[in-house]
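Please open the structure in your viewer and keep the sequence panel beside it. The stops below say what to select and what is found there.

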Amino acid sequence: VSRHEVPAAVRTRLTVAQVSDLHTGGVGRRERAVLEALERERPDLIVITGDSVVDGDLFAPKLGLPDDPSYGRVAEVLRRMRAPLGVWAVRGNWENVRHTRDERAFYAAAGVRLLVNESAQIRDDFWLVGLDDADSGGPDVARAQKSLPAEVASLTLMHSPAFFTRLPESLPLALAGHTHGGQVRLPGVVPWLPSGSGKFVSGWYSRGMARLFVSRGIGTAMLPIRFGCRPELAIFSLVPGSH
């Protein structure tokens, strides 16, 4: 668990938990650890920044499209996530590759609200903006922030962090995942990153007045191995103050 205090245009403190890159095959030891951590942290809001579904790694079954049965195992995990202001998600690249029929109905049945190039009011003073994945889909910022009021605190959710360079500064705070933090980090070796990562690996980045946090994520891709790069559940305390 990593913890971050972020000044924002909120009237009262708001705690947000970011879950990214679960790549889950169902409720196992790793998933139970995440769920237990969420229960301990008791966030006001849970956001999922994509890639909950298993990826096409060497050990994952090669499941059929367009109705991928692996989503049933994803639902087992999502249904156990609870927060007073809800659980919200955006697509990752693997949600765009491994499809499920009636995507919104799937998430709704799991108690999760999916945002695809749209925004949603969470409190009077706080909104979420959710973008489709830039590396595998079609993010549309203009459409996503069309209903977003001016002068209100917002948090933008996306999956592939390279898109941060194209975000307007009217969206000053964003969360992403996708990189797994490099997943395997060896001293003196530049980590391998997937397409759509850009120069972003993990942690905080700034561009003008805008800030991005890239989570190391929970799961693994290609091989079920992490080295020098622990999985991460990021907890953000948004506190009153100028961004």
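Over which residues does pLDDT, the predictor's confidence in each residue from 0 to 100, stay under 50? Select residues 57-66: pLDDT stays under 50 over this stretch, for which the model has 23 contacts (heavy atoms within 4.5 Å) beyond four places in sequence. Where pLDDT is low, the predicted coordinates should not be read in detail. For the chain, the mean pLDDT is 91, and 93% of its residues reach 70 or more.

Before moving on, keep in mind that this is a predicted model, in which local features need pLDDT of at least 70 and side-chain atom pairs count only at pLDDT 80 or more, while totals for chains, interfaces and linings use all residues. Residues are numbered from 1 along each chain as its sequence is written, and side-chain values use heavy atoms, with hydrogens and water left out.

**The nonpolar cores**

Next, select Val 19, Leu 38, Ile 46, Leu 78, Met 81 and Tyr 107, which touch the most other members of the largest nonpolar core, a set of 29 residues. A nonpolar core here is a set of buried Ala, Val, Leu, Ile, Met, Phe, Trp, Tyr and Cys residues joined through side-chain atoms within 4.5 Å; buried means under 20% relative accessible area, exposed over 50%, and partly exposed in between, with a 1.4 Å probe and protein chains only. Among the elements that each supply at least two residues of this core are strand E2 (14-19), helix H1 (29-41) and helix H2 (70-78), where helices (H or I, at least four residues) and strands (E, at least two) are DSSP runs numbered from the N terminus. The largest share, five residues, comes from H2.

Apart from this core lies another, of 23 residues, which includes Leu 155. Leu 155 is in strand E8 (residues 153-157) and counts as buried because its relative accessibility is 2%. Not counting residues up to four places away in sequence, Leu 155 touches, among others, Val 16, Phe 126 and Leu 173.

**Salt bridges**

A search of the whole structure finds nine salt bridges, each a side-chain nitrogen of Lys or Arg within 4 Å of a carboxyl oxygen of Asp or Glu. Select Glu 41 and Arg 3, whose closest N and O atoms are 2.4 Å apart. Glu 41 lies in helix H1 and Arg 3 in strand E1 (residues 2-8), so this pair ties together parts that are 38 residues apart in sequence.

Now turn to Arg 91 and Asp 132, a salt bridge with its closest N and O atoms 3.4 Å apart. Arg 91 is in the loop between E4 and helix H3 (93-97), and Asp 132 is in the loop between E7 and H5, 41 residues apart. Arg 91 is buried, with a relative accessible area of 18%, and Asp 132 is buried as well, at 7%. Salt bridges that share partners join Arg 91, Glu 103 and Asp 132 into one network.

**Asp 133**

For the last stop, select Asp 133, in the loop between strand E7 (126-130) and helix H5 (141-144). Which side chain of opposite charge is nearest to Asp 133? That side chain is Arg 91, 9.3 Å away, and Asp 133 is buried yet has no salt bridge; for charge, Lys and Arg count as positive and Asp and Glu as negative, while His and the chain ends are not counted. The side chain of Asp 133 reaches the backbone nitrogen of Asp 135 at 3.4 Å.

Conventions. A polar contact is a pair of N or O atoms within 3.5 Å; within protein, one must be able to donate a hydrogen and the other to accept it, and residues adjacent in sequence count only if both atoms are side-chain atoms.
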